Amino acid sequence: MSVENHHKINTSKLDEILASYDYKKSNLIAILQKIQDVYKYLPEDAMIYVGTKIEGLSPATVFGVATFYAQFSLEPKGKYEIKVCDGTACHVRGSMPVLNAIKNKLELTNGAMTTEDGLFSLETVSCLGACGLAPVVVINDKVYPQMTSDAINIVLDTLLKEER
Ligand code: FES
């Protein structure tokens with residue numbers, strides 16, 4: 001986990017969210033969604049707080065739910081959120097070499113999905129609904145069609161040049 005994972009949480013903000021859902025166990029998913037809206041991911045301390053505040057829950061249960069649903073991110077997202085499609089059409093047209101090229105370029109090793117400086121985060125998604133453009137990469141909301149390792153390296157070099 002990166003240093004940024006120790007996001008300072010604002011317990012009064014969390015209490016406000018919990019209160020709006022009556023501190024109810026059955027509202028856990030909605031509560032976690034709201035927290036993710038605020039922080040853009042689920043900080044560890046926030047999950048612990050929720051687990052201790054809701055009757056019938058524990059921090060372990062909250063972690064379990066948060067890790068089960070793909071919609072929740074346990075790591076902070078980067079300024080640039082890179083999504084590599086690994087649906088069937090993209091996979092057969094070479095999304096894996098593109099994914100590996102991104103990992104190499106951004107030095108994402110040992111399963112890390114966010115760069116140390118917090119600039120880039122990487123994830124794979126199952127289909128972006130643009131199979132005719134496979135393999136597809138989306139960075140924030142911009143679609144990059146028919147990507148190759150070379151093409152994505154050029155895109156990343158341009159972003160890196162702007163940022164560093
Ligand atoms: S499989 Fe990649 S866009 Fe559909």
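Figure 1. Helices (H or I, at least four residues) and strands (E, at least two) are DSSP runs, numbered from the N terminus. This is a predicted model, in which local features need pLDDT of at least 70, side-chain atom pairs count only at pLDDT 80 or more, and totals for chains, interfaces and linings use all residues. Residues are numbered from 1 along each chain as its sequence is written.

**Figure 2. The buried side of H6.** Which residues of H6 are buried? In this helix (residues 95–105) they are Ser 95, Val 98, Leu 99 and Ile 102. Buried means that 20 or more other C-beta atoms, placed from the backbone, lie within 10 Å of the residue's own; exposed means 12 or fewer. The four sit on the same side of H6 because they cover an arc of only 100° around the axis, an arc taken from the directions from the helix axis to the C-beta atoms. Just after H6, Glu 107 has a positive phi of about 55°.

Figure 3. Leu 14, Ile 17 and Leu 18 are the buried residues of H1 (residues 11–20). Their arc around the axis is only 100°, so they lie on the same side of H1. Turned away from that side are the exposed residues Ser 12, Glu 16, Ala 19 and Ser 20. Helix H2 (28–39) and helix H3 (44–53) are among what covers the buried residues of H1. Just after H1 comes Asp 22, with a positive phi of about 55°.

Note on methods:
Two residues are in contact if their C-beta atoms, placed from the backbone, lie within 7 Å.
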